[in-house]
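Dear colleague,

My notes on it follow directly after the display.

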Amino acid sequence: MVKDPPARPPLDGFTVVDLSSGIAGAYCTKLLADAGAQVIKLEDPTGDPLRRWSASHTPLAEGDGPLFQYLSASKSSVALDPARATDVARARDIASNAHAVIWSPGSGLAGHPQLAPARLHDDDPNLIVTAISPFGLDGPWAGRPASDLTLQAWSGGIWARGFPERPPVYVGGRQDQWAAGIVGGVSTLVARITQMRSGRGQLVDISILEALCQWLFGYSPVTCFDVAGAPLKAKRSVHVPGVEETSDGYVGTMVGTGQQWLDFCAMVEHPEWADDPSLLRVDTRSDNGSAISAAITEWTSARTTDEVRDLASAFLIPNSPIGNGETIPYFDHFLARQAFVKNPSGGFLQPSLPYTLHGVPMRDFGPSPALGESSVDIEATDRAGTDRLGDHSTHADLPLSGIRVLDLTSLFAGPFFTRLLGMFGAEVIHLESVGRPDLYRMYSLRQVGREPQWQEWVPNFAGVNTNKHGLTLDLRAERGRELFLDLVATCDVVVENFSARVMDNLKLGYEELCSHRPDLIMVRMPGFGLDGPWRDVPAFAPIIEDASGITWLTGYPDEKPQEAQSVGDPNAALHALSATLIALIYRHRTGEGALVEAPMIGAALNIAAEQVVEHSAFGHLLTRDGNRGVAAAPQGLYLSSSIDEFDRMDCWVAIAVETEEQWCALRRVIPGVDHAGVRNGIRARRQSHDDIDAAITEWCATRSADDIVEQLWPVGVPVGKVIAPHRQGELAQLQARRFLETVDHPVLGPARYDTFPARFSAGPAQYNRHPAPTLGEHNSAILTAIGCAEDELRRLEEEGVIGTEPRMG
């Protein structure tokens, strides 16, 4: 009996050349390799510096570092010398026989003119070239030096985090690299779909700065400022409640809704707090909650972490222990879900895949390659003979044109993900009900439930729902359910981000929906996944950061950890997009849909992997260190003499020195950092960090922030002003690259909206083509198309099954 051949992974036959160095390109190509792509890593003869990297600076006696082994599973390696013309020609030949090249600056090969991104694409228009760089390939800041800290400063992501009496604090864990890595992965998949449709490649130009603008404070700060005339935040603060001390460690709680706040007040035995309107909303409570912080700490510190979590879970209050590299793999939830596996090369623990495509074969983790081990046996790939998605003769169609998405999500992570689908051409229908509008509408600039059109005066909602149609439908009503299922039959993708139990309770799980659309892709985005002990725990971004270890690496060593406050949302959205694009490619090949489980926690564990990998391999626990970092010294924030827009002396500048060239440049401008010339080498500078900081602090104190930047940046020192997020639009680089687009909303009027952190040579030329929908704006058009007559629409509105005005209470 002849056995059927094993099923092919979704990206089998897709050949990718990795011409990058560092985490960003490595994580981008890891995501592609895990889905079946052949990844060929081209390296200088000395290898990617990541091979020799350890965040704890543990000496590597032999072999490669564990982070390299985690990121390089299942790849091959070719070592080529950029000084040899024959090797450069071979690199170009390998690229010309691939479908895509992932490029970042830093290596000798990547720096060779014949391997520059534009040159590679110009020479072969059918090749995808994804370039990842700090500021993008064009604009006035292109090519300037940068670091994780300085990019976070320029993005606006540092400004609002921390306590007012101390400097603001950045998010630890090299966020610039992980953010760019996942953006690189999804951008390459978008370009791959275009390539499969038309045969054409394109140049994809990714800006890490733009990625961080959405990653670190992604809640539409510029849109909110344009609409409200005031910033979302006017001072630094931390969430209240947030990270709290317990008798045996720390616990994270997050109160995101009004009901959760009332329940929290009851839980901590302070019902009187519920009467204070300034404490009802997350944003105003963070700014006004210092008076109650001590009482919260007193309550939590009298209990163990498990006791606090048990009570919080009973009240349906989002919660988590504060995980770190030592403890995370052994949380009961992660053990039950097998969230960590052994690396096939080093035997240490690493996260499993960030998402699960049920029924879809993904590649098992293979060993990472030795340097140059495949230098003589790489075969050319026939690009023309691989999968094609139809035959489109022009670039007029966007990559996802013809794909219809039913979006049941609310708040940020889910809507941000489906907004991206819409940006790339999908038709997205955002589903709400008049009894339960999107929770983001509760963050209105008008008094909820009392002022006219309050549900539309929400710039946060408008910011994550551009390019969508608006539909209201009560799924609890019999006719509402029928219409919903009729609509599902017309859709390619259905997305929801409820707690795991909700769709099951509605009896609208994957099997039920597939009975109406057999090739459906259903994307589910619960915080902690569809099973396991924590499946029913509600989750917001800070809780995901707490559980995954991102919080542990953020803050000052003499204080409790601080939540990043945003990372968990855009990270989850981008990983859900990655999984969905992979599922669409798989469906094209096989005709089969898929249940895509894209929990927020899976995405977070992968981008926080380094601390688990480091502890498992070496027993070293990485921890927070204020604004200092593992890859630079000196690194920190320094107070300038400037006065901020709120008339405070609170204007900070980020400076980070990663190389000896940068250190020499800093010494020329600020001789006091090393009069004797004895602090060469990053180890020596770490040992003298306090003294170096004192010299930089003294020098900066008498200079404006602009003056500091103007003296340091031109000579090659990474530097950045700590700007407020609502000031992103004032940066010349973002203006030059059109990161913000003006959209005219029928209620809010014109305002600037962020776009996507990459520019595609084949488009889209504009990302935000239509404003967010008003509540139920497209009810008639959508429901008429599936058979509703006008008289039925009127009856449904009278019954509250559909509508354009909220009917809550």
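I begin with H745, which is buried, its relative accessibility being 3%. This residue belongs to strand β22 (residues 740-745). Its side chain comes within 3.1 Å of the backbone nitrogen of L748. Please bear in mind throughout that the model is predicted.

Salt bridges

The structure contains 45 salt bridges. In one of them, R51 pairs with D64, with 2.8 Å between the closest N and O atoms. Both residues lie in the loop between β2 (38-43) and α2 (66-71), and 13 residues separate them. R51 is buried at 4% relative accessibility, whereas D64, at 22%, is partly exposed.

A second pair is formed by E269 and R303, whose side chains meet at 3.6 Å, N to O. E269 itself is exposed, with a relative accessible area of 53%.

R517 and D519 form a further salt bridge, in which the closest N and O atoms are 2.5 Å apart. R517 has a relative accessible area of 16% and is therefore buried, the limit being under 20%. D519 has a value of 22% and is partly exposed.

Negative surface patch

Which residues gather in a patch of negative charge on the surface? They are D248, D306, E307, D310 and D332. Helix α12 (residues 305-314) makes the largest contribution to this patch, with 3 residues. D332 is located in helix α13 (residues 332-336), and its relative accessible area of 44% makes D332 partly exposed.

Backbone geometry

Most residues other than glycine have a negative phi, and most peptide bonds are trans.

V240 and P241 are joined by a cis bond with an omega of about -5°; P241 sits in the loop between α8 (221-228) and β7 (243-246). The bond from G763 to P764 is likewise cis, with omega near 15°, and P764 is placed in the loop between β24 (758-760) and α28 (779-785).

S220, although not a glycine, has a phi of about 50°. It lies in the loop between α7 (208-215) and α8 and is buried, with 5% relative accessibility. For R738, also a residue other than glycine, phi is near 55°. R738 is in the loop between α27 (732-736) and β22, and its relative accessibility of 52% places it among exposed residues, as the threshold is over 50%.

A separation in sequence and space

Finally, V715 and E661 are 54 residues apart in sequence, while their C-alpha atoms are 9.8 Å apart in space. V715 occupies the loop between α26 (705-712) and β21 (719-721) and is partly exposed, with a relative accessible area of 37%.

Yours sincerely

Technical notes:
Residues are numbered from 1 along each chain as its sequence is written. This is a predicted model: local features need pLDDT of at least 70, side-chain atom pairs count only at pLDDT 80 or more; totals for chains, interfaces and linings use all residues. Side-chain values use heavy atoms; hydrogens and water are left out. Patches are made of residues with over 30% relative accessible area and no salt bridge: like charges are joined within 9 Å, nonpolar side chains (Val, Leu, Ile, Met, Phe, Trp, Tyr) within 5 Å. Accessible areas come from the Shrake-Rupley method with a 1.4 Å probe; for residues, only the protein chains shown count as cover. A salt bridge is a side-chain nitrogen of Lys or Arg within 4 Å of a carboxyl oxygen of Asp or Glu. Lys and Arg count as positive and Asp and Glu as negative; His and the chain ends are not counted. The place of a charge is taken as NZ of Lys, CZ of Arg, CG of Asp or CD of Glu. Helices (H or I, at least four residues) and strands (E, at least two) are DSSP runs, numbered from the N terminus. Buried means under 20% relative accessible area, exposed over 50%, partly exposed in between (1.4 Å probe, protein chains only). A polar contact is a pair of N or O atoms within 3.5 Å; within protein, one must be able to donate a hydrogen and the other to accept it, and residues adjacent in sequence count only if both atoms are side-chain atoms.
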